[in-house]
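Dear colleague,

Please find below the sequence and the structure for your review. My findings follow directly after them.

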Amino acid sequence: MNINHINKEVIEQIRNGSEKAFSGLYSAYYSYLNAVALCYLLDKSCSAEIVDDVFVNIWNKRETLSYPIHYYLVRSVQNGCLNYIRMQRAQQNVLDEHKDQMLAFQENYIQSTPVPLQYVEMRQTEEEIRSAVNRLPLKCRQVFEEYFYAGKEVDVIAHDMGLTVSTVRVQLKNATDRLKPALKHLLFLFLY
């Protein structure tokens, strides 16, 4: 079953407890909703978990479902992403200003943007970013990749690379300063 086959009858069957109809809804929307979540979180496992939670919630509250369901599903995923980001901010107390900026940007992006599937579909953007990062000086690039791609804390990077924390911070600032002009036309990098 695909998204176009989800109609009032399917929703009514789900409301009446049809596991087959629910399975059809799940099959039709799972990949699409994962793509939506991935645009916001950039993490496959977290995105999949949020989408799974949305479907569990739908099944548990199936009696209240109504048609059309498309926008409800998308908004549920967006809310799940918002909750995840807010929970991350609360749990980690975001010690580093760069991470705080990124999380705030993601939160704002989710709230202000409809379904941004164009990001998922645009491999060119990913290649452009990778190319700009690869043009950074070696140490600057290594610090940047460890911080933004590997998600390591500043003190961990300093320890692993035999640098001081202040050197790591300077390298991160240098990286973001160099990437700003190269990638200024890409919306999601304005946070730098």
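Read along the sequence, the protein runs α-α-α-α-α-α-α-α-α-α. In this predicted model, the protein has 10 helices and 0 strands.

As for the protein as a whole, 41% of its 192 residues count as buried. Its accessible surface amounts to about 11,200 Å², and carbon and sulfur atoms contribute 51% of that area. Among contacts with a sequence separation of 6 or more, 64% are between residues 24 or more positions apart.

Helix α8 spans residues 138-149 and helix α9 spans residues 154-161. The two pack with their axes 10 Å apart, at an angle of about 135 degrees. The crossing of α8 with α9 is right-handed. On the α8 side, the residues involved are Lys139, Gln142, Val143, Glu146 and Tyr147; on the α9 side, they are Val154, Ile157 and Met161. Sorted by class, this contact comprises 5 nonpolar, 1 polar and 2 charged residues.

A further point concerns Arg178, which is located in helix α10 (residues 165-183). Which residues does Arg178 contact, leaving aside its neighbours within four places in sequence? They are Leu136 and Pro137. Along the chain, Arg178 and Leu136 are 42 residues apart, while their C-alpha atoms are separated by 7.5 Å.

By way of background, most peptide bonds are trans, and most residues other than glycine have a negative phi.

- The peptide bond from Tyr67 to Pro68 is cis, and its omega is near 0 degrees. Pro68 is placed in the loop between α3 (44-60) and α4 (70-92).
- Leu42 has a phi near 55 degrees, which is a positive value in a residue other than glycine. Leu42 belongs to the loop between α2 (19-41) and α3.

With kind regards

Conventions
Residues are numbered from 1 along each chain as its sequence is written. This is a predicted model: local features need pLDDT of at least 70, side-chain atom pairs count only at pLDDT 80 or more; totals for chains, interfaces and linings use all residues. Side-chain values use heavy atoms; hydrogens and water are left out. Helices (H or I, at least four residues) and strands (E, at least two) are DSSP runs, numbered from the N terminus. Buried means under 20% relative accessible area, exposed over 50%, partly exposed in between (1.4 Å probe, protein chains only). Contact means heavy atoms within 4.5 Å. Accessible areas come from the Shrake-Rupley method with a 1.4 Å probe; for residues, only the protein chains shown count as cover. Axes are lines fitted to C-alpha atoms, for helices over the stretch in contact, and angles run from 0 to 180 degrees between N-to-C directions. A crossing is left-handed if the near helix is turned anticlockwise from the far one by less than a right angle, and right-handed if clockwise. Ala, Val, Leu, Ile, Met, Phe, Trp, Tyr, Cys and Pro count as nonpolar, Asp, Glu, Lys and Arg as charged, and the others, Gly among them, as polar.
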